[in-house]
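Here is a short briefing on one protein model.

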Amino acid sequence: MPSDRSFWITAGNLALVTAVACGGGLALPASAQAAPLTRIAPVTLVTASATTDAASTLAAAAPITRSAMIARAKTWNPHTSKRIPYSQAKTHGGYRTDCSGYVSMALGLAKPGPITVGLAKAAYTKRIKISELRKGDLIIDAIGNNNTRHVVIFEKWANTGHTSYWAYEQRGSYGTDYRTRTYGLSSGSEYKPYRALNIREDAPVPPPTVTRATVIARAKTWKPATAQRVPYSQTAKHDGYRADGSGYVSMTLGLAKPGLLTMDLAASAHSRPIKMTELLQGDLVIDPVGGSTARAVLIFDKWADAGHTSYWAYQQRAGFGTDYRIVKDGLTAGTQFKAYRPTGIR
């Protein structure tokens with residue numbers, strides 16, 4: 001047992017501090033009870049959650065729109081002779097010239113950019129479904145080592161069947177590229193879809209204003225129900241628009257080429273639901289449910305009879321092409337066809 005008096009003084013003071021800090025009901029020596037208490041400054045504890053919050057703060061980046069991100073991706077001149085060569089050691093504009101450095105640059109993250117594994121962490125991104133992919137989202141393989149991991153920037157689907165997509169990437173032995181990819185689309189793929197936390201939607205572009213008469217006049221330019229009609233195709237184009245149902249309707253409404261998908265025509269940005277009894281010339285009747293071969297859209301022209309049991313409609317239909325005929329879509333109970341009014345129609 002120590003005999004040094006200073007040890008016992010120190011021990012007594014420690015006992016006092018312990019009693020105060022833990023709130024215990026200790027019976028202290030008289031000398032300790034009589035001694036004046038010195039106020040102790042509170043101690044800030046660093047917890048695991050605080051560390052995580054700090055990491056998130058460090059990872060935070062200024063918001064960036066989807067279009068701005070793609071514009072930044074293009075600054076490395078993808079798929080051209082001026083593309084940035086690939087390197088895991090070199091930098092360009094302060095960013096590593098590997099795949100994750102390129103994506104970090106496009107997102108405006110701190111230089112030189114996190115590695116691929118870092119981009120897949122909750123500090124930077126969140127997991128989404130393949131079906132939710134939109135321009136500027138990421139597809140990441142975060143498994144393996146620095147020679148097997150990879151990340152690409154999704155731009156758009158390459159076909160209506162969603163079997164491939166256009167992507168920007170910084171790839172080994174080549175550099176900045178823009179090409180069609182299938183990463184993440186096969187069962188069991190190590191590639192997973194992610195959305196950056198700092199990505200923001202582009203400001204909505206209001207649909208162009210168009211008169212009902214103009215919609216019908218444009219519908220007639222594809223020579224419906226004649227030998228000169230435009231053949232139906234989900235891949236081919238006519239005057240820059242897809243030669244399918246939604247491409248045809250997009251053309252009549254003056255929307256951007258190559259045209260929206262049927263489900264997008266039914267979205268609130270482009271139309272609003274109405275009753276079948278409210279249909280006017282130029283309104284739409286849409287079935288937005290199902291796959292690309294199940295969905296359909298028609299342009300209402302006029303009722304075919306006084307009882308409103310059928311109507312004349314313009315349509316780009318599979319197996320035929322541009323047509324003008326009497327139909328009953330949307331008039332039967334339980335049908336998936338509903339009436340919509342284009343936002344920009346006047």
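Accessible areas come from the Shrake-Rupley method with a 1.4 Å probe; for residues, only the protein chains shown count as cover. The protein exposes about 18800 Å². Carbon and sulfur atoms supply 57% of that area. This is a predicted model: local features need pLDDT of at least 70, side-chain atom pairs count only at pLDDT 80 or more, and totals for chains, interfaces and linings use all residues. Residues are numbered from 1 along each chain as its sequence is written, and side-chain values use heavy atoms, with hydrogens and water left out.

**Whole protein**
- The protein has nine helices and 18 strands (DSSP runs numbered from the N terminus: helices are H or I, at least four residues; strands are E, at least two).
- Of its 346 residues, 40% are buried (under 20% relative accessible area, 1.4 Å probe, protein chains only).

**Helices α7 and α8**
- The axes of α7 (residues 212-220) and α8 (residues 245-253) come within 8 Å and cross at roughly 130° (axes are lines fitted to C-alpha atoms, for helices over the stretch in contact; angles run from 0 to 180 degrees between N-to-C directions).
- V215, R218 and A219 of α7 meet Y248, M251, T252 and L253 of α8 in the contact (heavy atoms within 4.5 Å).

- Among the buried residues are G245, Y248 and L253.
- Just after α8, G254 takes a positive phi of about 75°.

Note on methods
Buried means under 20% relative accessible area, exposed over 50%, partly exposed in between (1.4 Å probe, protein chains only).
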